[in-house]
Amino acid sequence: MDMNNPAMSPEHDEVRMLLPWYLNGTLSETEASLVRAHLESCPDCRADLAVHEKMKLAVSQDEATPIVPAASADTLLDRLARRESEGNSWSRHRKYAVAASLVLAALIAIVAVTTDFGPVANNQAYQTATSAAKESRIGYVLRLRFEAGISSENRNRVLDELGGADIRDLENEEAYEMLIHLPNSSLDELERFANAAQSRSEVKSAEFVALHLPVR
Amino acid sequence: MTTPKMSDAIRPSNEQEEALLRRIAAQHRPSFEKLFGSYHPRIFKFVFRLTRSYSAADELANDVLLTVWQNAEQFRAESKVSTWIFGIAYRQSLRYLGKRKPDALPLFDQDALAHDENSDFERQNWVQHGIQQLPPKQKLTVMLVYYLGLSCEETAVATDSPVSTVKTRMFHARRKMKDYLAKSAVPTSATEADGHE
């Protein structure tokens with residue numbers, strides 16, 4: 001090892017790594033002295049320092065920063081409060097969404113009844129609302145999507161446990177639909193039912209998508 | 001050798017900021033307003049230099065300060081308040097930069113620039129552009145060290161990295177910058193022009 005070559009000296013690597021903080025003035029006096037002394041004899045480290053100086057200058061003289069936007073803590077916290085209240089009202093929004101979809105579904109169901117879609121297979125009876133008519137009570141269509149790879153045994157168990165009727169396999173959409181009867185249920189109850197179904201480990205999603213009205 | 005910092009004289013001391021943060025942890029809005037006034041411009045400028053996007057910087061600066069408001073009780077006084085806050089800015093900026101594709105190179109005509117290689121202004125532009133091309137962690141570390149003037153240990157805390165990693169990032173940033181400037185025909189020093197390294 002050529003000890004006369006500063007680049008081969010024991011402190012060379014250490015000094016190289018300390019250059020940025022030598023430049024920003026945050027080294028201890030001991031470290032700064034070490035760097036200063038080494039720089040005097042090491043052209044390689046002086047070259048490195050020159051690049052660091054350019055970077056520091058570029059960063060500190062960067063005039064590209066536009067005028068800082070007017071902002072206030074109050075505005076920010078108010079925005080946060082709004083966001084949180086929107087979060088809390090998510091369930092409320094969801095209720096409206098359920099309600100809207102139920103109203104829409106009701107219209108569809110009425111149309112379905114009045115236009116008579118014709119005979120359907122037993123396992124799809126709810127689709128025409130005629131089976132609901134026979135039962136003379138309101139039913140809700142719950143659409144379920146299962147997690148990938150679930151066994152048919154587990155899937156059937158969940159479908160059974162949810163207590164739905166007229167289970168239908170929507171193969172194209174990889175979903176199941178079933179008619180759920182929740183007498184005199186409020187939107188809160190519907191939402192709780194869907195949430196409980198969705199909280200099962202086998203279930204990816206559960207949502208009410210339509211309403212069945214009894215035929216008058 | 002000291003780094004000039006903006007409005008040091010009017011900035012609260014670290015002890016005062018710790019007291020502010022304790023009150024913010026108790027959701028004391030006036031304390032947050034005070035901290036906000038002191039930090040918002042600095043954070044905005046810091047993230048703008050990283051993102052070069054006014055709207056992204058505005059959103060990031062607000063997100064950083066909201067995180068401070070929501071997590072003030074997690075501050076353990078193991079570092080300065082400013083290091084803790086800029087650590088949050090570092091992580092949020094890193095997430096933003098990680099999602100963004102690197103800028104296309106070059107932003108302007110390299111040949112035209114080569115004719116003005118002795119212009120300080122043009123040279124600085126190249127260096128600034130070169131900094132924008134650094135990998136996100138290196139770019140952020142350069143900003144923490146040269147824009148905010150953090151010490152090596154503070155940089156390590158802010159980036160949640162070992163001191164050795166921080167040193168290595170700056171080392172690689174310097175090396176990449178040197179290569180970049182060499183390609184752009186900007187002399188980095190008389191020594192290098194003589195063929196050293």
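1. A crossing of two helices is left-handed if the near helix is turned anticlockwise from the far one by less than a right angle. Keep that in mind for what follows. The model is predicted. In chain A, the crossing of α1(A) and α2(A) is left-handed. Their axes lie 9 Å apart and pack at an angle of about 115 degrees. The range from 65 to 115 degrees counts as roughly perpendicular. α1(A) and α2(A) are therefore roughly perpendicular to each other.

2. Which residues of α1(A) and α2(A) make the contact? From α1(A) come His12(A), Val15(A), Leu18(A), Leu19(A) and Tyr22(A). From α2(A) come Glu31(A), Ala32(A), Leu34(A), Val35(A) and His38(A). By class, the contact of α1(A) with α2(A) has seven nonpolar residues, two polar and one charged.

3. Now take chain A as a whole. Chain A holds eight helices and four strands. Starting at the N terminus, the order of its elements is α-α-α-α-α-α-β-α-β-β-α-β. Of the 216 residues in chain A, 25% are buried. Consider the contacts in chain A with a separation of 6 or more: 64% of them join residues 24 or more positions apart.

4. Look next at Tyr176(A). Tyr176(A) sits in strand β3 of chain A, which covers residues 175-180. Is Tyr176(A) buried or exposed? The cut-off for buried is 20 or more other C-beta atoms within 10 Å. Tyr176(A) has 22 C-beta neighbours inside 10 Å, so Tyr176(A) counts as buried.

5. What does Tyr176(A) touch, leaving out residues up to four places away in sequence? The list is Leu144(A), Leu159(A), Ile167(A), Arg168(A), Asp169(A) and Leu170(A). Leu142(A) and Tyr176(A) are 34 residues apart along the chain, yet their C-alpha atoms are separated by 8.1 Å.

6. Turn to chain B and its helices α1(B), residues 14-25, and α2(B), residues 29-51. Their axes come within 8 Å and cross at roughly 135 degrees. That angle makes α1(B) oblique to α2(B). The crossing of α1(B) and α2(B) is left-handed. On the α1(B) side, the contact uses Leu20(B), Arg23(B) and Ile24(B). On the α2(B) side, the contact uses Ser31(B), Phe32(B), Lys34(B) and Leu35(B). The classes in the contact of α1(B) with α2(B) are four nonpolar, one polar and two charged.

7. What is the hand of the crossing of α3(B) and α4(B), left-handed or right-handed? The crossing of α3(B) and α4(B) is right-handed.

8. The contact of that second pair involves these residues. α3(B) supplies Ala56(B), Leu60(B), Asp63(B), Val64(B), Thr67(B) and Val68(B). α4(B) supplies Ile85(B), Ile88(B), Ala89(B), Gln92(B), Ser93(B) and Tyr96(B). In the contact of α3(B) with α4(B), eight residues are nonpolar, three are polar and one is charged.

9. How do the chains meet? In all, 35 residues of chain A are in contact with 43 residues of chain B. On the chain A side, the elements that give two or more residues are α1 (12-23), α3 (43-60) and α4 (73-88). Which of the elements gives the most to that side? It is α3(A), with 15 residues. The side of chain A that touches chain B has 20 nonpolar residues, seven polar and eight charged.

10. Last, check the confidence. The model scores ipTM 0.76 and pTM 0.58. Chain B averages a pLDDT of 79, and 76% of the residues score at least 70. Among the elements of chain B, helix α8(B), residues 152-159, has the highest mean pLDDT, 93. Helix α5(B), residues 110-114, has the lowest, 39.

11. Two stretches of chain B call for care in reading. Over residues 1-9 of chain B the pLDDT is below 50, and this stretch has seven contacts in the model beyond near neighbours in sequence. Over residues 190-197 of chain B the pLDDT is also below 50.

Methods: Residues numbered from 1 in each chain as written. Chains lettered and ligands numbered in written order. Predicted model: local features only at pLDDT ≥ 70, side-chain atom pairs only at ≥ 80, totals over all residues. Nonpolar A, V, L, I, M, F, W, Y, C, P; charged D, E, K, R; others polar. Axes fitted to C-alpha atoms, helices over the stretch in contact; angles between N-to-C directions. Parallel < 35°, antiparallel > 145°, perpendicular 65-115°, else oblique. Buried ≥ 20, exposed ≤ 12 C-beta atoms within 10 Å, placed from the backbone. pLDDT = per-residue confidence, 0-100.
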